[in-house]
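Please read the following report alongside the sequence and the three-dimensional view.

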Amino acid sequence: MADTRTITVNVNGEVHTNTINVRKNLIDYLRDDLGFTGSHVGCEHGVCGACTLDINGETVRSCLMLAVQADGTAITTIEGLADNGVAGDLKKSFAEKNALQCGYCTPGMLASAIEYINAGGNADKDKIRRHISGNYCRCTGYQAIVEAIYSVAENGGN
Amino acid sequence: MKAASFLYELPEDLNTALQLLNSSDIDVLPLAGGQSLMPMMNFRVSQPDLLVDLNKIDSLKKIDSDSNSIKIGSMVKYSDMEKSDLIKEKIPLINNVIPFVAHSAIRNRGTIGGSIALADPAAEFPSLLVSLDATIELMNIKGTREVKSEDFFTGIFETDRKTNELVTSINIPINKSPKKFGFYEITRRHGDYAMAGAFVTTDGDKKEFSNSRVVLFAVSTKPLRIIDIEVFLNGNLLNDVSVQENAIDIINGYEFEGDLHNDTEAKKTYAKVSLKRALGELNG
Ligand SMILES: Cc1cc2nc3c(=O)[nH]c(=O)nc-3n(C[C@H](O)[C@H](O)[C@H](O)COP(=O)(O)OP(=O)(O)OC[C@H]3O[C@@H](n4cnc5c(N)ncnc54)[C@H](O)[C@@H]3O)c2cc1C
Ligand code: FES
Ligand code: FES
């Protein structure tokens, strides 16, 4: 039994191997050890959604996952989002519709939005609202975010 | 905050996990989806000496069925259940409820076994399982035992599980035609824990209530089965509005558990509204 462990993760296409303390949350490993500070930490108990990112094609709360549990996975953070495809369309759409002000929620919001479009989510504002109900935004009042996701969904999600 | 230090093991088979869980000199906790345990550890409400991560034990991740029941392994995630055709066909109630449990990022990690072991009185699955008369399978190094879901939940975050036992699977009886059901919950925001909620189930092939179950959640210390209402409903037509109204009146005779935001009277009102809408959905 040990309180450290060696893990290998693929973050945005780059492989990293580190020996880390087992108590370290995934978000802290990404931010503090690897320097991917794009994903944000709001609440550290799963409620705000700021730390949401993609692991092996699924969204997770990186504050509720131990870094050791990410061993062997492929992680995409906001730094790794492409400028084309669904991610690119959403980034453009967020900018066009003013769907961010301070930007604190945006990395998590985009991860949830990408998940919505990739799952075939249609242009339905109620469904979009329900899907992003786990992501807090303290600035925009959500309207612009819903519009941004809606307009990508309307165009067939790429 | 961050979790206090602990030791960590990632066993690949059930036996090793049960051995680890059996240590009496240190405080050991199983880690499933971590969607409740990690927040508790980050807040330091929970400070285990050793975490036994169950995520590599494939035998706990299966959904099996025979002609009488479906067996869902404790490490099956909400998102796995959502994708299962077997569950969709045989127990559509589960598919209907999952979107109301938290948010997709949480459902991608959270497990049925974790929800059952945690026994949050406001959680959907403990009451859902009571409404389907499910059985919980538990294991320790000595062997296996089964407990009716109704007897498993004993209080707020309290169950019949011993600290050296793991929840290994949940067994849900099935019939030729799936149970008809009604489900309704009141929340502040989609995906939040409920302020109150109700499940009604009844045999799928009849026009009258038959073998019905009425279970309320988030209004008591544990899933609240109201047998008086079930007895009253059985034999009556599903779509009889006066029967529904009389059934709801029975709630007046019950005491409810208030919480930080809602007192006992508010809970009673929410319980009635939830039951009314669940009964209404049953016929729709
Ligand atoms: C923002 C947020 C919103 C949420 N909203 C809801 C909601 O609306 N409804 C709802 O029901 N839940 C909600 N949840 C909780 C979520 O459903 C949890 O996933 C679930 O309650 C626990 O499952 P888990 O697999 O994550 O368990 P964990 O957090 O890993 O474990 C929970 C507890 O059970 C024990 N345990 C886990 N598995 C086993 C096992 N097999 N045998 C014995 N003991 C075990 C652990 O030691 C721990 O004490 C929410 C969570 C968050 C963060
Ligand atoms: S920081 Fe992870 S959900 Fe708030
Ligand atoms: S843009 Fe500031 S929190 Fe959403």
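Helix H3 of chain A and helix H5 (residues 143-154) of chain A pack at an angle of about 30 degrees, with their axes 11 Å apart. Axes here are lines fitted to C-alpha atoms, for helices over the stretch in contact, and angles run from 0 to 180 degrees between N-to-C directions; helices (H or I, at least four residues) and strands (E, at least two) are DSSP runs, numbered from the N terminus. H3(A) is therefore roughly parallel to H5(A), given that angles under 35 degrees count as roughly parallel, over 145 as roughly antiparallel, 65 to 115 as roughly perpendicular and the rest as oblique. The crossing of H3(A) and H5(A) is right-handed, where a crossing is left-handed if the near helix is turned anticlockwise from the far one by less than a right angle, and right-handed if clockwise. On the H3(A) side the contact is made by A:Met109, A:Ala113, A:Tyr116 and A:Ile117, and on the H5(A) side by A:Ile145, A:Ile149, A:Val152 and A:Ala153, contact meaning heavy atoms within 4.5 Å. By class, this contact of H3(A) with H5(A) has 8 nonpolar, no polar and no charged residues; Ala, Val, Leu, Ile, Met, Phe, Trp, Tyr, Cys and Pro count as nonpolar, Asp, Glu, Lys and Arg as charged, and the others, Gly among them, as polar.

The model is predicted, and local features need pLDDT of at least 70, side-chain atom pairs count only at pLDDT 80 or more, while totals for chains, interfaces and linings use all residues. Residues are numbered from 1 along each chain as its sequence is written, chains are lettered from A and ligands numbered from 1 in the order in which they are written, and side-chain values use heavy atoms, with hydrogens and water left out.

H3(A), which covers residues 106-118, also meets helix H2 (residues 85-96) of chain A, where the axes come within 10 Å and cross at roughly 125 degrees. H2(A) and H3(A) are therefore oblique to each other, and their crossing is right-handed. From H2(A), the residues A:Val86, A:Ala87, A:Leu90, A:Lys91 and A:Phe94 meet A:Thr106, A:Met109, A:Leu110, A:Ala113, A:Ile114, A:Ile117 and A:Asn118 of H3(A). By class, the contact of H2(A) with H3(A) has 9 nonpolar, 2 polar and 1 charged residues.

Chain A as a whole has a secondary structure of 5 helices and 5 strands, and these follow the pattern β-β-α-β-β-β-α-α-α-α along the sequence. Its radius of gyration is 16 Å, close to the 15 Å that the globule rule gives for 158 residues, so chain A is as compact as a globular protein of that length; the radius is taken over C-alpha atoms, and the globule rule is 2.2 Å times the number of residues to the power 0.38. Along its principal axes the C-alpha trace of chain A spans about 50 × 30 × 20 Å. Of the 158 residues in chain A, 52% are buried, where buried means under 20% relative accessible area, exposed over 50%, and partly exposed in between (1.4 Å probe, protein chains only). Among contacts in chain A between residues at least 6 apart in sequence, 54% join residues at least 24 apart.

| Pair | Separation in sequence | C-alpha distance |
|---|---|---|
| A:Gly42 and A:Asn135 | 93 residues | 11 Å |
| B:Asp66 and B:Pro173 | 107 residues | 9.7 Å |
| B:Gly204 and B:Pro178 | 26 residues | 5.4 Å |

A:Gly42 lies in the loop between helix H1 (26-33) and strand E3 (52-55) of chain A, and A:Gly42 is exposed, with a relative accessible area of 53%. Residues up to four places away in sequence not being counted, A:Gly42 touches A:Cys48, A:Ala50 and A:Tyr104. In chain B, B:Asp66 has its place in the loop between strand E4 (63-65) and strand E5 (69-73), and is partly exposed, with a relative accessible area of 46%. B:Gly204 is found in the loop between strand E12 (196-202) and strand E13 (213-217) of chain B.

Buried positions in chain B include B:Ser274, which has a relative accessible area of 0% and sits in helix H12 (residues 264-283). Leaving aside neighbours within four places in sequence, B:Ser274 is in contact with B:Tyr184, B:Ile186, B:Ala196, B:Gly197 and B:Ala198. In helix H8 (residues 124-131) of chain B, 8 of the 8 residues are buried, so H8(B) is largely enclosed by the rest of the structure. Just after H8(B), B:Asp133 takes a positive phi of about 55 degrees.
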